[in-house]
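Here are some short notes for a first look at this model. Please keep the structure open while reading.

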Amino acid sequence: MLLVEKLQTRRQGRTFEFSLQLQPGEIGLLLGRSGSGKSTLLELLAGFLPASSGVLSADGQNIAHLPPAQRPFTMLFQQNNLFEHLTVYQNIALGLRPDLKLSLQEQQTLQLAAERLQIADLLTRRPGSLSGGQQQRVALARCLVRRKPYLLLDEPFSALDPALRQEMMQEVRQLATEQHIGVLLVSHQPQEAKDQADWLGFIDDGQLKFTAPVSTLQQPPTAEFAAYLGMSSLG
Ligand SMILES: Nc1ncnc2c1ncn2[C@@H]1O[C@H](COP(=O)(O)OP(=O)(O)OP(=O)(O)O)[C@@H](O)[C@H]1O
């Protein structure tokens, strides 16, 4: 389990403080206004941003002091996840070995991930010749071969059309369930993403104000959350 307790950082004179728990196989959907701190939370967990205080542990181990590469996270961004000069195969292989020299077993792992994400016929292509959806599948395949227990997704599908976005969310749901990966997903699409999430969290003014089951979308627990959803009043 991922445990975050009063994990703090400062950015541009503002204090950010987050507390949450994420179980293996669980998808937590992070919602909130632009600038509220959603990406800041993911960067803090991944170790791209130093924490000034608080607790960050994974499966009972304190991981707050570890450099990003040693933390149990893999992160997927909205775009620019791939290297344009490398083939799809090489882009995925980077998740296994920075020098791209894969053992036979690693080659098999890569092949399985590519088949799992239906991109096995694209391995010799370069990202520039792929659609946005195919590119994000490649990036997801690289996350998969890294075999990290937690996946941090920062609006990874927001540039895709609605049907494709839904398809990718189903893919993430299956991966989370089958491989017991804990997923934190930042999204601006509450209605679509909620179909696949286990809980939602509302970030406002640098804090995770609450986490709750997705059914809460129909009856927002706070006026701020209702306003974010575009509802004029509670109930
Ligand atoms: N690289 C950075 N360096 C300094 N400040 C940053 C950086 N990235 C974001 N910030 C600031 O941190 C605050 C929170 O930004 P953050 O990106 O976490 O918001 P967000 O909720 O993810 O927004 P959005 O939905 O627009 O992506 C903002 O005030 C922003 O200006």
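1. A definition comes first: strands are DSSP runs of E, at least two residues long, numbered from the N terminus. Strand 1 covers residues 2-11, and Lys-6 sits in it. Bear in mind that the model is predicted.

2. Start with the backbone of Lys-6. Most residues other than glycine have a negative phi. Lys-6 is not a glycine, yet its phi is positive, about 45 degrees. Is Lys-6 buried or exposed? Lys-6 has 11 other C-beta atoms within 10 Å, so it is exposed.

3. Because Leu-100 has 12 other C-beta atoms within 10 Å, it is exposed.

4. Now to helix 3. This helix runs over residues 104-116, which is 13 residues. Its end C-alpha atoms are 18 Å apart.

5. Which residues of helix 3 are buried? They are Leu-110, Ala-113 and Ala-114. Seen down the axis of helix 3, these buried residues fall within an arc of 100 degrees, so they line one face of the helix. The face turned away from the buried side carries exposed residues: Leu-104, Gln-105, Gln-108 and Glu-115.

6. What covers the buried residues of helix 3? The cover includes helix 2 (88-93) and helix 4 (132-145).

7. Next, the pairing with helix 4. Two packed helices are described by the angle between their axes and the distance between the axes. The axes of helix 3 and helix 4 come within 9 Å, and they cross at roughly 135 degrees. That angle makes helix 3 oblique to helix 4. The crossing of helix 3 past helix 4 is right-handed. On the helix 3 side, the contact is made by Thr-109, Leu-110, Ala-113 and Ala-114. Helix 4 contributes Ala-141, Leu-144 and Val-145.

8. One last backbone point. Gln-118 follows helix 3, and its phi is positive, near 55 degrees.

Definitions and conventions: Residues numbered from 1 in each chain as written. Predicted model: local features only at pLDDT ≥ 70, side-chain atom pairs only at ≥ 80, totals over all residues. Helix = DSSP H or I, 4+ residues; strand = E, 2+ residues; numbered from the N terminus. Expected span 1.5 Å × (residues − 1). Buried ≥ 20, exposed ≤ 12 C-beta atoms within 10 Å, placed from the backbone. Arc of directions from axis to C-beta. Contact = placed C-beta atoms within 7 Å. Axes fitted to C-alpha atoms, helices over the stretch in contact; angles between N-to-C directions. Parallel < 35°, antiparallel > 145°, perpendicular 65-115°, else oblique. Left-handed = near helix turned anticlockwise from the far one by under 90°.
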